[in-house]
Amino acid sequence: MKIQNLTKIFPSRNKKNEADVTAVDDFTIELTDSELVGLLGPSGCGKSTVLNLICGLLTPDAGRIFFGGDDVTELPPEDRGIGLVFQNYALYPHLTALQNILFPLQNLKGADKLSKEAMLAKANETAKLVQIDGLLDRKPGELSGGQQQRVAIARALVKTPRVLLLDEPLSNLDARLRLQMREEIRRIQQRTRITTVFVTHDQEEAMSICDTIVVMRDGSIEQAGKPQDVYDSPANLFVAQFLGTPPINVFLGRVSGGVLYAGDDAILTAGGVPDQDVYIGIRPEGFALDGNGPLRCELDRVEVMGRDVSIVSTHGASVNASVRSIVSAESAAVFGEIRFAVRPDKVYLFDRETEKRVPAELSAGGRAGQNVRRM
Amino acid sequence: MKRHNNKAWLYLLPAVLFLGFFVVYPLVDVFIYSFEEGYNSASRMFFGVGAYNYSYILHDPYFLQAVKNTFILVIITVPISTALALLIAAGLNSIKALKKLFQTIYFLPYVTNTLAVGLVFMILFKKTAYSDGMINLVIKIFGGGPVDFIGGPYWAKMFVLCFYTIWVVMPFKVLILTSALASVNPQYYAAARIDGARKLRIFTKITLPMISPMIFYLVITGFIGAFKAYSDAVALFGTDLNVAEMNTIVGYIYDMLYGSSGGYPSYASAAAIVLLAIVLTITCVNSLISRKYVVY
């Protein structure tokens, strides 16, 4: 599947007071077959609009969409051969689960038309795949949220679509079910090998099951790639802040004479970077408690999370209200000023103006640790 | 709940009294009248008790004519007006421009007085010594001979009555169905399109079941309304409906009570009970059928 320069502009309601809204701006991406792709971004970033453009419920103002080699930009949704799972499932309430799953098959025309037996066999097979074969006589109102979800996925899959689209499929489920269903989606996708686009605002969801994630902001792609690659090497501050729970800690910093300072603390040596003001991003797992560590924080509280301990502290140069670090449970129990050593591979520098990543060779040692004395 | 709560009855009292006096008592009374032969409301006397009143009206050609007219009216107008209203509502729902204007136009007959509308229909259809009426002018253009719709053959008159009835009941149905259609979550249409359904299939498989409770409501009230038709016939053919062969059951009841041949409350009561039985039966049949097709 290929999307080229896709643009969608929603005209303003009131021409005088508001400008038109560009929901999707010059969106270009190419997906390999049988891939699970996560469209990820904060609400209002245009990810659902991209989905609606792919399925044809919206028509783009510019750009083309290709499935395989076919240009489907002008095709209505009924001719595109897509499956879509709606956020609230949109199961037909007057039909049973089986009738819901059969509905797309009954719409097939001409050469694709199936016999009654073939339809039933196909529907049952799909129901088995999503594990709802015992509930087919029930109406959607008699099914739980997770079961409705499965019926919705079966309905989208039953006609073997070229592309399967999932619009925030897990947002209506409770936390435990969400974990379970995301595994299910992954399992079903790997079994059917259908190219799948999955829209979510939950980065953990996307990171955990997707082959590729596409981080969006304001209608454009900020970064696309394998989840681990994007996490380990964010292209800009937005992507770094969006991925990861707890979120990355951001400090106002500067590079001076090859040393990286967070406020007055010289935390690392930075090679290959000219002197400049930067944002420093440090992942929560990039901290290690160290009595001689260069990063001096004031302890606020310790949150025990079982396996790990989350240390919440404050630092003068921190952009966020608090600095959140995750250390292993053994090394807890501290008071007052605490000092951290930081892992260079979990630290990123971003330009103060453009917020783009500043490439740097970071390492501990050298002149790092020789902090400017605090007043 | 074993505990009898006298307070509950106290709170129910106003409603029970009201319904008892104005609904249950008259109904029972009419039922009793219908078995009292020759009841006279002035002297409050009757000759005997029996089924004679029923026997009389069931042998009265005017009553049989009224029953026939009523059934024809019901069978023709209810399906046509409901189907037509559905078509118009679906049309209204799918246009954007001028939707409000058309909605208003379609709703106008509802706020217009029945007799005034009847007058307009008279002008359209009536053939007098001076003019053949508007409709006959149109028929003439297409090469037909003039038909006397108001004072002419039975089927011409029945046509006008049905036409008129459909025209009068339509606005309410259009209004109800337009709002029913608008209340269907558009997401279902999006889902159906994704599932590859064409327009007609979406309408029959998604839209119709979703608004089926409203359609059922309109059919039930349509049947009841048509069985109780009277003023429409009066508006078109005047009060002497028996002579015009255009009487309805309610018209017959009225004539038996107050008409020029009136003064027979017993016959009127018997006819009213027959009408009640018919409407009750039809409504029950409707409910049974609806269980299969209406989805709530």
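Which residues of helix H12 of chain B are buried? Before we answer, a word on what you are looking at. This is a predicted model, in which local features need pLDDT of at least 70 and side-chain atom pairs count only at pLDDT 80 or more, while totals for chains, interfaces and linings use all residues. Residues are numbered from 1 along each chain as its sequence is written, and chains are lettered from A and ligands numbered from 1 in the order in which they are written.

Now to helix H12, residues 249–258 of chain B: its buried residues are Ile249(B), Gly251(B), Tyr252(B), Ile253(B), Asp255(B) and Met256(B). Helices (H or I, at least four residues) and strands (E, at least two) are DSSP runs, numbered from the N terminus. A residue is called buried if 20 or more other C-beta atoms lie within 10 Å of its own, exposed if 12 or fewer, and partly exposed in between, with C-beta atoms placed from the backbone. The buried residues of H12(B) pack against helices H3 (61–94), H10 (231–237), H11 (241–244) and H13 (265–293) of chain B. Contact here requires the C-beta atoms of two residues, placed from the backbone, to lie within 7 Å.

Ile278(B) counts as partly exposed because it has 17 C-beta neighbours inside 10 Å. In sequence Ile278(B) and Ile224(B) are 54 residues apart, yet from C-alpha to C-alpha they are 9.7 Å apart in space.

Let us move to where the chains meet. Here 15 residues of chain B are in contact with 15 residues of chain A. On the chain B side, helix H8 (186–194) and helix H9 (199–227) each supply at least two residues, and H8(B) gives the most, with 6 residues. Sorted by class, this side of chain B has 9 nonpolar, 2 polar and 4 charged residues. For these classes, Ala, Val, Leu, Ile, Met, Phe, Trp, Tyr, Cys and Pro count as nonpolar, Asp, Glu, Lys and Arg as charged, and the others, Gly among them, as polar.

Across in chain A, there are two domains, domain 1 (2–235) and domain 2 (246–363), with bounds that come from an automatic or database domain assignment. Their centres, taken over C-alpha atoms, are separated by 38 Å.

Chain A also holds an open sheet of 6 strands in the order E6-E7-E8-E3-E9-E10, with mixed pairing. Strand E6 (82–85) and E10 of chain A stand at the edges with a single partner strand each, so one side of each has no neighbour in the sheet. From one strand to the next, the twist averages 20°. Two strands pair if DSSP finds at least two bridges between them; E9(A) and E10(A) do so in the antiparallel sense over 5 bridges.

Most residues other than glycine have a negative phi, and most peptide bonds are trans. Asp26(A), in strand E2 (residues 21–30) of chain A, has a positive phi of about 50°. Asp218(A) likewise has a positive phi of about 50°, and its place is the loop between strand E9 (212–217) and strand E10 (220–225) of chain A. Finally, a cis peptide bond joins Thr245(A) and Pro246(A), with omega about -10°. Pro246(A) sits in the loop between helix H8 (237–242) and strand E11 (249–256) of chain A.

Key: Axes fitted to C-alpha atoms, helices over the stretch in contact; angles between N-to-C directions.
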